[in-house]
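Here are my notes on this one, jotted down as I went through it. Have the structure open while you read.

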Amino acid sequence: MSLISSMPLEEVLIDVNKVNIPDEGLGNFRFGYTQETVSFNWSCILWNLLPLVGQILFLYHVITYLWTKSHANRILLYEHGFIKQVVDMKGRVKKESVYDFYKINGVKYSKTRQYQNIYGIQRYNGTAVSLHILGSDNAEELIIKGSYRNENELDNQYNFVGYACNSIRSTWLQFAIDKFNKEISTVGYGTFVSKSGRVLVGKEFIQVNDQVVSPGFKYSFDSGYLYLYPNDEEGAHFKKKSKSVNINVVEMYNSDVFLMAMQQFFGISC
């Protein structure tokens, strides 16, 4: 089995009878995932039939597998946070990091389906994903990076990377919603961080850095970007070369909540 192949959920779940579940003040433990159960894909041995290049590719697969087994990741998910552990081949914890959802500002889950064009036919090769968190000091930290094969995002057809990323994202969502609602009630807008810059969303405006757009604008989605086209009156305040305000939603922290707010406040749907 390759490192990106899908695995039944039960093969990735942590056995609580065999693994110590630490108490770090994150509430009740829910479940966990581990890379320790990943097995080597013996079909890779066929690469050796190709002189030199094939042998190099086979060696790459072997080294990647051994590295993963000796630096396997575990994700332990709790009521209001999670723990990431790195363990050796004997299951001993080499490194442990604790993430309390009450002490972070955001989660960003990026994924890109990858295709290969062979004689005019597109072939799905996998989905590359990464999950970052935004700390209370707005420092970014990469938590998980990898790939899985699940083109249609079907349940129970992920690997460790897919299961762990989706669970962290879905658990964090309610905290992100509560954070946004608290901001709206106290300062009148919610704050989102994106590659586009700082995005403020209120019930009567959207601000991207120093550009403010009020209701009445037109919009479009393309390649993960939300384009806002101000009305004529507002457009006069923009430079001629800037006909739209661009928001990189794909690279935005708490993008799920941002899209919910766009729908609720401005009727925008993607």
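1. Let's start with Ser-110, which sits in strand E5, residues 104–118. Is Ser-110 buried or exposed? With a relative accessibility of 10%, Ser-110 falls under the 20% cut-off, so it counts as buried. Setting aside residues up to four places away in sequence, Ser-110 touches Ala-128, Val-129 and Ser-130, plus Val-250 and Glu-251.

2. A word on confidence: this is a predicted model. The pLDDT averages 86 for the protein, and 86% of the residues score at least 70. Residues 233–241 are another matter, with pLDDT below 50. Beyond near neighbours in sequence, that stretch has eight contacts in the model.

3. Now the inside. The largest nonpolar core has 50 residues, and Phe-82, Val-199, Val-201, Ile-206, Ile-247 and Phe-258 have the most contacts inside it. Helix H3 (residues 160–187) gives the largest share of this core, 11 residues. There's also a second, separate core of six residues, Ile-14, Val-19, Leu-76 and Ile-83 among them.

4. Leaving out neighbours within four places in sequence, its contacts include Val-199, Leu-200, Phe-217, Leu-228, Ile-247, Met-262 and Phe-266. Gln-211 is also one of the residues in contact with Ile-206.

5. As for the whole protein, I get five helices and 14 strands. Of its 270 residues, 42% are buried. Among contacts with a separation of 6 or more, 51% are between residues 24 or more positions apart. The accessible surface comes to about 15400 Å², with 52% of that belonging to carbon and sulfur atoms.

Key
Residues numbered from 1 in each chain as written. Predicted model: local features only at pLDDT ≥ 70, side-chain atom pairs only at ≥ 80, totals over all residues. Heavy atoms only, no water. Helix = DSSP H or I, 4+ residues; strand = E, 2+ residues; numbered from the N terminus. Buried < 20%, exposed > 50% of the residue type's maximum accessible area, 1.4 Å probe, protein only. Contact = heavy atoms within 4.5 Å. pLDDT = per-residue confidence, 0-100. Core = buried A, V, L, I, M, F, W, Y, C linked by side-chain atoms within 4.5 Å. Areas by Shrake-Rupley, 256 points an atom, 1.4 Å probe, with all protein chains shown as cover.
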